[in-house]
Amino acid sequence: MYQAKDETDHAVLVQTVTVTFESPAAGAGGGASATSVLQSTVAAAPLVVEANGTAKSTITVTLKDANGQPVSGKDVRLTTNGGSSVITVVYGTSNAQGKAEFTVTNLMAEQVVYTATDVTNQVTIAQNGTVTFESPNPGGGAGGARTSVMLSTITASPSSVDANGTAASTITVVLLDGNSQPVSGKRVNLTADGGSSVIRTVQGVSDATGRAVFTVTDQVAEQVTYSAKDDTDHISLAAKATVTFLTFGGGTSPGTGGSVASVIRSTVTASPVTVKADGTETSAVTVVLLDASGQPVSGKTVSLTADGGSSVIRTVRGVSDVSGRAEFTVTNQFAEQVTYSAKDETDGVKVAAKASVTFQTDAGGTSPGTGGSIASVVRSTVTASPVTVRADGTEKSTVTVVLLDTSGRPVSGKTVSLSASEGSSIIKTEQAISDAFGQALFTVTNRVAEQVVFSAKDVTDGVHLAAKATVTFQTYSSGTSPDAGSVSSVVRSTVKASPTKVKADGVAVSTITVTLLDVNNVAVSGKTVSLTADSGSSEIKTLQGITDAQGRVAFTVSNKVAEQVVYTAKDETNQVKIAERAYVTFEQQLEKSKPIKEEDISGDPKKEEVTVKNVPEGTKITIYDKDGKPIGEGTNPGPGMKPVVIKTPGIKYGDIIQATAIEPGRKESDPTNAIIDLPQRPIYEVATEWEEGTLIVTVKPKPGTKPYTGSAYLVIQGLRQEVPVFVASREMNSIRLVPMKIDMKHAVAGDQLLIVVLTQPDYTRSNVGLSLSDEKIEVVQPSK
């Protein structure tokens, strides 16, 4: 699936396009045929099973060639998009009917999607299989019931809002049990499947109707999908809600050095993403610094670093230009995949985005099992089976490395090594030299409960494989009650941060809650828990370091440096490292720009323009209508203070508008209200007085004015609050400018009154030869 993004205004397009790259096969069935991406199938039966760790769903993968004939003798792998289910291989090599079979079970109530791959030919099947592991629930509603994965709902209203960081969509989660009765008293957690939105909890515990409520906002134009989980019983709902954040405003300012780069809005991209590992061919890495409003940030010194590997980085442009761009090139003599990170050194801002480049040694490799072939960084595989074993130092997981060249053919005769990213596991080499199928074998054991990531390298040719395998070493325990005798689960325990974005001022905090659960999802109490940051400058404070009856401990984190920090938790009592991690973004917060003065705003409906005077250099002005919809914008490029003339199609005399300013290095100002005044000179004199608590406005013509003949009403109207319209004088089709008194019974102190001209028959404000008063009349408190 391919997705497009408007990089100028940072709008991620909702529509995507999917391309299927199909196997080139004549199709005659049997082991010689190539597996078809589209013809092959993945089917689950039954589709819904109880989440009790015993009830099984059988997933059958049927490999077919382009003509629909079965493909036999292929190794098949089944993987998930996430979740906690256990996959058991019944038979992993396709039989004469092209079938491979697996069973899946789960202790966690959730919906899981399964994907199948023909490992022999590196073909991933397009069709997926989905299994719902449902709560073992008798129903009955209220807090004693268990939430249903399938029947519970998530809705977003509205489904589309402006991506201005303010407009919010309300997401309502309704927990229902197996009998569609509401489930109350459950803690509910809402997460985004991706994107940059901010989630705020309005009501985080389900009420008597099963409802929990959240709001979501975003500064990036994109579509975000949200998932909900009953955290009390650890049940992930099948339903999802999608919100589209629409493009808001523009971004015409070229930015200035006074702006501060945003941790999450700034970007790091590489082109091309794959180059030869010959020390000469380059990939260009471009860093674009953007502030919190999406404006480019210029004049900043930018550095680029590699998270590992042996590549060489050369700086092409180390200071961001007017577009916020800094540029680098990278080369490598070693075949490996390298990830690059960027930092605004001027303000100490670490950009969250990263770019990956694959350095590949090209080789022919026209036959299987030839030592002359070169292993591919991205096509070679690393897999572990089983993915979860006991942390007893004895139970093993087998890690299989398959070396494939760039044509997908096995590479034999190469010495392969396996290493762990961290942790305490022991690696034993079973077969270090790749065989005729490109396979090398290792086993891994551990006495520490933790999750470990394993990486492989073709030592012969110095090729670091991009693929990795993850193994969870778990200490098992009966864990039937929340007592100190239970042992924490590596994968079922959780680490959550709220909020996930805070100010980088050293004061604002995010609270990180660690919940220890055993393998049966029972809370583990009385354990000492530590929290550490993988990197960065944040400060961690312990609020509660020993788990309570719900298995919870809490920490707060703060930071004076703008960066994204990853936090890891550990049950120190039993030496269990929790697999889940929490991410917190510490963001530089900008001050608001100064509001525009009302007297500096004027409009000309004939030219469809609004002019704002005295605009500082580099400041962007945005004009909104009375409903808050942007209708025009402009920027003073300098030098010095200048007026900004903004095209605003459709404005009329009497329209109420709003204007805001974004100064360099600051965020948008509060809006200033203004009315598009009629351009003529005033022809009235106005006086006000209070009589027995009622405001009396006296209007009389200025000396020398003549009666106006035409179809119009002369009225007095309030601005701040609604004041009824009163007819001042009407005689047939003319307004006679004679002294008059108008009783403004609804006026209150603080109102601003105007003289307005309205035409017949629809009372639309218009210039018909009369004008608004140049001076607004402010109603003062009546004298006592």
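Analyst: V42 stands opposite V61 in β5. This is a predicted model, in which local features need pLDDT of at least 70, side-chain atom pairs count only at pLDDT 80 or more, and totals for chains, interfaces and linings use all residues. Residues are numbered from 1 along each chain as its sequence is written, and side-chain values use heavy atoms, with hydrogens and water left out.

Strand β5 covers residues 57–62 and pairs with β3 in the antiparallel sense over five bridges. Strands here are DSSP runs of E, at least two residues in length, numbered from the N terminus; two of them pair if DSSP finds at least two bridges between them. Both strands belong to an open sheet of four strands in the order β3-β5-β8-β7, with antiparallel pairing. Because β3 (41–45) and β7 (86–91) each have a single partner strand, they stand at the edges, and one side of each is left without a neighbour in the sheet. On average, neighbouring strands of this sheet are turned by 25° against each other, direction ignored; the axes are lines fitted to C-alpha atoms, and angles run from 0 to 180 degrees between N-to-C directions.

As for the whole protein, there are 59 strands and zero helices (H or I runs of at least four residues). Of its 784 residues, 45% count as buried, meaning under 20% relative accessible area with a 1.4 Å probe, protein chains only. Among contacts (heavy atoms within 4.5 Å) between residues at least 6 apart in sequence, 64% join residues at least 24 apart.

How values were computed
Buried means under 20% relative accessible area, exposed over 50%, partly exposed in between (1.4 Å probe, protein chains only).
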